[in-house]
Every structure is written in C-alpha cells, then in structure tokens.
Amino acid sequence: MPANPMADFAVPPDEELNLPVKPDSGSGYLIWPMGETITMKYDNFSVIYPNYLDSNKTVKLGRRIAAKDAVPEPTVQDLHEALASLNVRHVIQPYKGYSRDAISRWDNPGRLLVDLEGAAENGIVGMGTDGAFDLDAVPDINDDNDKENNGRSGRGKKQLLREIAKVIPKLPNRQKRIEEKAKAAAVEAEKQKKLAIQAE
C-alpha cells in the first residue's frame, strides 16, 4: 500500500494553476497632467469607477447614469482619455476595485479620482449658490426627461459622467479594442463551429 493513498489524485507541478500575485491596491497611481505629479493635492477629489458609466451594469451594481446615456464596458483607460480630452485633472488608481461588483474587481479593475473644481472651471460641472457642487439638481436615474424633474438642470458629478460617456465612443483606442474583441469573438465562434462539425 502506498504511503499516501491520495497521491494518484495530485496535480503534477507543470499543470498547477499559478495565479499572479495581487498588487497592493494603494500603489501604482498615475497623475494627469504629469507636470503636477508632485504638487497635486487629490485628497478631496471625487471617485469615478468604470461601473458608474457601464450600460451593461444595473444600478445595484453601480451604474450612476441612465442606461441610454451610458456606454458598454468602459475601462479606466477610456475614462482617462476622455477626461484628458475634456482637460480635467485626475488621478488613475489602476489596482482599486469597485466593492459592489466582484466581477469588475477582476475583469475591469481601477478607478479615477477627479477634480470637480477644475471641471467646474471648465464649465462641465455646475456649482450651487453656496459654492458646493450642485448635486441636488441632478435628476433621478430613471428620469427620461430632465424637464419633467421640476425643471432641474442636472449639473454635477452626474453631468460629468454624462460628458465622459459622450466622449468615450469616439476614442480611437477604444474603437480599436472593440474591433479586436469582435475579431477574436468571430475566430472563437468559427473554432467552436468546426469542433461541433467534427463531433458529429
């Protein structure tokens, strides 16, 4: 009798699954514009996760704007490029994960810290009369028409999210990534079709 009766069930070392080491979520941040790497104070910046703009996510999973205004599967890189094109200062934290959606923590990690004051100076975000960001004037997520919501204009963080969502589909890197993903899906579908024919 062998010393270990379970030895036959052991996985050989060359077939073992080796997961990469998870990086420290507090490390590896990038600042835009790069010239402010040392001087930028981002303690009071607002957080934006890709889930906030993802039309494939439900409100429970983090979508903050209406699905008709959102875009499918935005990444942190998409958000960065959109904010850079809008000239809004921000910090990229690529290893942070959205706590309410476990899938996105692995498949689409990262978040951005955004300077809402800079966005207000650029006219993208509105401020109230008291100097605070006009978050109370943001329409509910299910409202189809802002005018129906007591005439409120909806200028605040959600307005910034809508502006980002308008820019993202035009980004060349995103368009290239979507084309490559479609080609890979077509190749995989063709492979599965051939396997199905061979199995018959």
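# Salt bridges and core

Glu 36 counts as partly exposed, because its relative accessibility is 22%. Buried means under 20% relative accessible area, exposed means over 50%, and partly exposed lies in between (1.4 Å probe, protein chains only).

This is a predicted model, in which local features need pLDDT of at least 70 and side-chain atom pairs count only at pLDDT 80 or more, while totals for chains, interfaces and linings use all residues. Residues are numbered from 1 along each chain as its sequence is written, and side-chain values use heavy atoms, with hydrogens and water left out.

## Salt bridges

How many salt bridges does the structure hold? There are 9. Each is a side-chain nitrogen of Lys or Arg within 4 Å of a carboxyl oxygen of Asp or Glu. Three of them are listed here.

| Pair | N to O distance |
|---|---|
| Arg 89 and Glu 36 | 2.4 Å |
| Asp 101 and Lys 57 | 2.7 Å |
| Asp 69 and Arg 162 | 3.5 Å |

Take Arg 89 and Glu 36, whose side chains meet in a salt bridge. Arg 89 sits in the loop between H1 and strand E3 (90-93), and Glu 36 in the loop between strand E1 (30-32) and strand E2 (46-48), so this pair ties together parts 53 residues apart in sequence. Helices (H or I, at least four residues) and strands (E, at least two) are DSSP runs, numbered from the N terminus. Arg 89 is partly exposed, at 26% relative accessibility.

Asp 101 forms a salt bridge with Lys 57. Asp 101 lies in the loop between E3 and helix H2 (102-107), and Lys 57 in the loop between E2 and H1, 44 residues apart. Both Asp 101 and Lys 57 are buried.

Asp 69 pairs with Arg 162 in another salt bridge. Asp 69 is in the loop between E2 and H1, and Arg 162 is in helix H4, 93 residues apart. Asp 69 is partly exposed at 26% relative accessibility, whereas Arg 162 is buried at 13%.

Some bridges share partners: Glu 36, Arg 89 and Asp 115 are joined into one network.

## Nonpolar cores

A nonpolar core is a set of buried Ala, Val, Leu, Ile, Met, Phe, Trp, Tyr and Cys residues joined through side-chain atoms within 4.5 Å. The largest one has 28 residues. Those with the most contacts inside it are Ile 48, Leu 53, Leu 160, Ile 164 and Ile 168. Helix H1 (76-85), strand E4 (111-114), helix H3 (116-121) and helix H4 (157-167) each supply at least two residues of this core. H4 gives the largest share, 5 residues.

A second, separate core has 5 residues, including Ile 31, Met 40, Phe 45 and Leu 113.
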